[in-house]
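Here is a short briefing on a structure that may be new to you. Please look it over, then read the points below.

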Amino acid sequence: MRKINTSLIEEKIYKMALRAGVNLTPSCLNALHAAKKTANSETAKFALGTLIENSETAKREQMPVCQDTGLAVVILEIGQNVYLEGKLLSEAINDGVRRAYADGYFRKSVCDPLTRENTGDNTPAVIHTEITAGDKVKITFMPKGFGSENMSRMYMLKPAQGTEGVIAAIVETVKLAGSRPCPPVYVGVGIGGSFDTCAYLAKKALTRDVRVQNPNPSVAAIERAALEKINELDIGCQGFHGSDTAIGVSCEYAPTHIAGLPVAVNIQCHCIRCEKEEL
């Protein structure tokens, strides 16, 4: 049994949140550069170039790469042989988020859903935990902006709709979103499970590197087909038309009930911010 004090997790969260606020992921930047090279209009090239320049400026000046510094999403993969000691895990995570958003001068965007009163420190974070084998703790931190989050959709398809129905749901979600989620978008998809696990899988899919395909050939085929169809929609970067509406589609899946085919589509804008660490 390995003991880990939650103060170490708090410090990791603090540093990861500070980095995530000012840096796009390397795979996101690579995808933006690739999209610029193949863009089929000067307007699209200009828009993509501006996004790349913005990311470079944010990194150089250590300023937020987007004004929406997001709702903090934390995924913890906790080894079964880990014993956590110290303050409550959720308190440690929220203390790390609270400190980072203050020290990084990041916008505090969390509020009561009904009264709309701001919590003042961007907490509480959304926390997901998984119990895994071993004695390590893997931490994923992703600030999620809501311009794109608001464009996400949940489908309870009929089993007979099958693969084609899944692809159609993904494409429909992006089509209905149009330019509002600041394309080129990254599309996370959850297939199967239940109503709630499906949505979590879609979120988790967004933590993968862009264009790293699912190891299951059938799921990878869905990713490729959906991406192709999305980029035929002619929405384009920032809505300026073109074949660069999405830089990637990533799917995660789980077994489901014989009577259902849940599909969740979680939209991420071009500003992909995700940090991963291990204790």
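Leaving aside residues up to four places away in sequence, E277 touches K12, M16, R19, V137, K138 and I139. The model is predicted.

- E277 sits in strand 10, which spans residues 275-278.
- Is E277 buried, partly exposed or exposed? Its relative accessibility is 25%, so E277 counts as partly exposed; the partly exposed class lies between under 20% for buried and over 50% for exposed.
- The side chain of E277 makes a polar contact with the side chain of R19, at 2.8 Å.
- A polar contact also links the side chains of E277 and K12, at 3.3 Å.

**Helix 6 against helix 8**
- Helix 6 covers residues 162-177, and helix 8 covers residues 217-230.
- The two helices pack at an angle of about 40 degrees. Their axes are 9 Å apart.
- That angle makes helix 6 oblique to helix 8.
- The crossing of helix 6 and helix 8 is right-handed.
- Helix 6 contributes T163, V166, I167, I170, V171 and V174 to the contact. Helix 8 contributes I222, A225, A226, K229 and I230.
- By type, the residues of this contact are nine nonpolar, one polar and one charged.

**From one topic to the other**
- How many residues apart in sequence are E277 and V174? They are 103 residues apart.
- In space, E277 and V174 are 31 Å apart, C-alpha to C-alpha.

Technical notes
Residues numbered from 1 in each chain as written. Predicted model: local features only at pLDDT ≥ 70, side-chain atom pairs only at ≥ 80, totals over all residues. Heavy atoms only, no water. Axes fitted to C-alpha atoms, helices over the stretch in contact; angles between N-to-C directions. Helix = DSSP H or I, 4+ residues; strand = E, 2+ residues; numbered from the N terminus. Parallel < 35°, antiparallel > 145°, perpendicular 65-115°, else oblique. Left-handed = near helix turned anticlockwise from the far one by under 90°. Contact = heavy atoms within 4.5 Å. Nonpolar A, V, L, I, M, F, W, Y, C, P; charged D, E, K, R; others polar. Buried < 20%, exposed > 50% of the residue type's maximum accessible area, 1.4 Å probe, protein only. Polar contact = N/O pair within 3.5 Å; in protein donor to acceptor, adjacent residues only side chain to side chain.
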